[in-house]
Amino acid sequence: MAETEPEVEVNGEAEGEAEDDSQEQDKKQKKQTRHDGGAADLERVTDYAEEKEISAANISSAVEQFGNQRDKENSLRVAREKELQKVQVKKEDIELIMNELLVSKTLAEKVLREQSGDVVAALEAIISN
Amino acid sequence: MPSSDPLPPKEGALFRKLLKCYEMKQYKNGLKLAKQILSNPKYAEHGETLAMKGLTLNGLGRREEAYKYVRLGLRRDLRSHVCWHVYGLLQRSDKKYDEAIKCYRNALKWEKDNLQILKDLSLLQIQMRDREGYKETRHHLFTLRPSQHASWIGFAMSYHLLGDYEMANNILETFSQSQTTIEAHDYRHSELLLYQNQILIESSHLQQALDHLLKYEAQIVDKLAVRETMGDLYIKLGQQEKAVPIFESLIRRNPENVLYYQQYMAARRVTTSGAIVSVYREFQEQYPRALCPRRLPLDIAVGDEFREVADEYLRRGLRKGIPPLFVNVRTLHQVPEKTAIIEALTLQYFENLTRSGHFSREDADAEVPLEPASALVWTALFLAQHYDYMRDTDRALEYINAAIDHTPTLIELLITKGRIFKHAGDPVEAYVWLEEAQSMDTADRYINSKCAKYMLRANMVLEAEEICAKFTREGVSAMDNLNEMQCMWFQTECALAYERMGRWGEALKKCHEVDRHFAEIIEDQFDFHTYCMRKMTLRAYVGLLRLEDVLRRHPFYFKAAKCAIEVYIRLYDKPLASETTIEEIDIENLPPSELKKLRSKQRKAKKKAELESAQAAQAQVKREQHQKSKQQANQETDPDAPQLDELIPEKLERTDEPLEKAIDFLKPLQELAKERIETHLLAFEVYYRKNKLLLMLQSIRRARALDASHPVLHSCIIRFMKALESAKQEQPFNVHVQQVLDKATKELIGKKTPQQLNDEFIAKYHTTSILHLYEAARGLYELDASKKQAAIKLITDFNLSKLRLEEATKIYTALRDGDVFGDCEKEAEQYKLKCQERFQYARIFRNIEELEAQLQEKEAAKLRAEEEQQQLNHLDSNETSASVVGGGEPASVAAAS
């Protein structure tokens, strides 16, 4: 994406600025060397880098294969979640769990569903893990 | 990227340059470009340009303007993925990760296949450990760009982190097969291979891992990792004979790696202690300079063989004068038999060195050359440390004094003397010795830090800060600099000192500072998500992620969190009066003696308050200065640092919800430090005060699973039963809760009443364990307040000679403070006198008056010394000024003429 020949007026200015920037950086680095030797290296950690490309003939089949695998996983998960969603849970049970055990609503509901809506089992599951 | 509000070619080119400038961190250029676009009246309100201008400003640290422009840009163009993306990036740099994720999702709504946005989203997901989401995003990226290296790696990694090793390995395998050209010495490729190997090992496919390693050995540049892993795999796969030469060569490479020796032994299948020791002997000959083959047999050998190897090892160390010799063998003291042998050996050395200058009589008879004179000092030091470890203060002091008489300038001796006093319960005397040691080598940072730590143990925070200031950066207050440097041992010791002094707010401040360090360390991993992927240091990266996951398991966090929880509990039990109301006490009705006490108390309090307010004023000034300097620094260096609320001690100690604050510190411990019983005991204390019976039960159960015989657990159970009883009387439980409670209590104590339980406990530990007995006495009083005297008698009658100092301190403070058994000043005083005899060095059992007199005496001595010094200086300066005057004469003469 590096553009070398854009509009003339901008170019002149930008280059001048770039020099300024680099000079400033030089100064900064000099200042830093005394206390923080590694700071300059750390700064470079967040630098931008171009991605490397590979050229391979047989990857398209792999892509497809992994895609299928993922779809399978997802459908499994969706089925599991559906199963859990089918469980009838009472709002007051969720609130009881939240209040007695100081847990989040999400967790209370999840445990309650996993225990098929049995509030005693849910309470026990949380205190005995 | 089709834009919702496209620019004409000229401006479009400028805009692309602007993006480029941002990526290259040329923010000033970027601003100019943005200005150029916006100066065209037709595009003065172009949303995407405004947003980019804001982001660029953020890069320059101008946060407020940044928000202004980004929001403005977004408002102008709500359907632009660029604007949403930019808003997300800004939020991210402000550490508002949840918000940033929402922004990215909005951006993806308008441009669902944008690579950059997807990449940024994946970074946030891994940072927040949304592993499922990370996998989804990584898969999306993979399908979009299967031709990029990074797509494959990230995709595989997402499965690895979810624990799906099979899939992770499949992806990497396919990837490596589709790679055609591999350069020699390709570090990234080599790392990738090792990463794949790690996955295979973690999925327990050991044979596969070994085959993989053998196949690619030539392409891997990290030869050491190959050798280590291969040797390990051979052992695990039962092909020990192949591992032997590998570990032989590894030991040759580094004869000081403990693990190599252990694995070598496993490979050779030597198991009996005698055989292992003789293998170590071979290594001793082969590597005469190496320490490991000499030290390790000490762990293994027993009986006479131990005596023999210990004798050699100790003599060598004492002859050469190795200062940490005792620390090096301290772990052996866990075995009483070995302790006795070490003691006998060193006593014999001391005796013979004093008499003839040899380590033993046999040496003297054989007329071997004399040992160096310093051997005697090191032996005496060793014995002092040994007896100190055994808590035999008198003998420890005897030997250390002998050593100091011999060589008064050896710093190690003074440190040890200080440590002996510390262990004997006199932190003040201890610090005096450390200060002395410190003054003998002010350029030694170790002794400097030790000295500071001992000062903190003696509750001398200001002095400790001053000492540390010798090594902190100039121009900044030492305390701030130590915070900036995340010097956590110092801050935790400060917190504990403040806790001992009852300055709760200051203690909390230090604990919160430590907590913030941990938060910061977790923040700091952000940059590595991109960096490690790019550099392909994947093994190290996974290691980092796993470390950060459990970061707050670290002992430093545990210590600070424990302190914070204890302080918050204490603040809940005895809340502080608000700052303005001062207790009015009815003076009229007090007897004269009481009145006198009160007056002197008030005087002291006033003095203290004055001092404190002066200190506070000073601190305020310092704070302002610091704030100013920080602001300046911020502008230059770190625009990313989020502005945190300032921690103000007065506010911290007057929180409205101490228990909630305690829970904040508790949660990470419950999550990450489950294996420490203190976690659950602390949790009980919090939930007991919140009156959450089920959670009390949870804590008790967890603690019991770790150590069913822990003394404090008993008190928890008794208090739980009591709380259960009184809660029942107040109002009936919810049926479900009742059911759980019934079942659990039955499991816990069967059908016994708490009284029965407590009586049994007393009978069991009556003469064997004071800590258990103490908890039983607490239970006795808790269940029936009329049994106060019996309870106190129970613990004060316990044979004092069996007590350790920490135990006696615990009992005494409980009696003295009156929190546990109600008011019992008389009994406390009696107990103190008894303890005074048993622990003569311990400060806590001595009389305040005596201590104060001692302190005054010391201060007076110090003052005198200073005065003398000043006089000397005065004399000196007189002399010098005289000489100056003398030397100046010609000049003045010259001037006059």
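This is a predicted model: local features need pLDDT of at least 70, side-chain atom pairs count only at pLDDT 80 or more; totals for chains, interfaces and linings use all residues.
Reader: How far apart are the end C-alpha atoms of α44 (residues 805-817) of chain B?

Author: Take 1.5 Å times one less than the number of residues. The 13 residues of α44 in chain B should span 18 Å, and the end C-alpha atoms are 18 Å apart, so the two agree.

Reader: Which residues of α44(B) are buried?

Author: Count other C-beta atoms, placed from the backbone, within 10 Å: 20 or more is buried, 12 or fewer exposed, in between partly exposed. In α44(B), Ala808(B), Ile811(B), Tyr812(B), Ala814(B) and Leu815(B) are buried. They lie on the same side of α44(B), because their arc around the axis is only 160° (taken from the directions from helix axis to C-beta atoms). Exposed Glu806(B) and Asp817(B) sit on the face turned away from that buried side. The cover over the buried residues includes α42 (770-783), α43 (788-796) and α45 (825-838) of chain B.

Reader: Which other residue has a positive phi, near 65°?

Author: Ser204(B), which is not a glycine. Find Ser204(B) in the loop between α11 (187-202) and α12 (206-216) of chain B. Ser204(B) counts as exposed because 11 other C-beta atoms lie within 10 Å. Now try Gln486(B), with a positive phi near 55°. Gln486(B) is in the loop between α28 (478-484) and α29 (488-501) of chain B. Its 16 C-beta neighbours inside 10 Å are why Gln486(B) is partly exposed.

Reader: Which residues touch the most other members of the largest nonpolar core?

Author: A core joins buried Ala, Val, Leu, Ile, Met, Phe, Trp, Tyr and Cys through C-beta atoms within 7 Å. The largest has 153 residues, and Ala384(B) and Ala564(B) touch the most other members. Beyond its neighbours within four places in sequence, Ala564(B) is in contact (C-beta atoms, placed from the backbone, within 7 Å) with Leu508(B), Cys511(B) and Phe665(B). A second, separate core has 83 residues, among them Leu213(B), Val226(B), Ile246(B) and Tyr541(B).

Definitions and conventions. Residues are numbered from 1 along each chain as its sequence is written. Chains are lettered from A and ligands numbered from 1 in the order in which they are written. Helices (H or I, at least four residues) and strands (E, at least two) are DSSP runs, numbered from the N terminus. Two residues are in contact if their C-beta atoms, placed from the backbone, lie within 7 Å.
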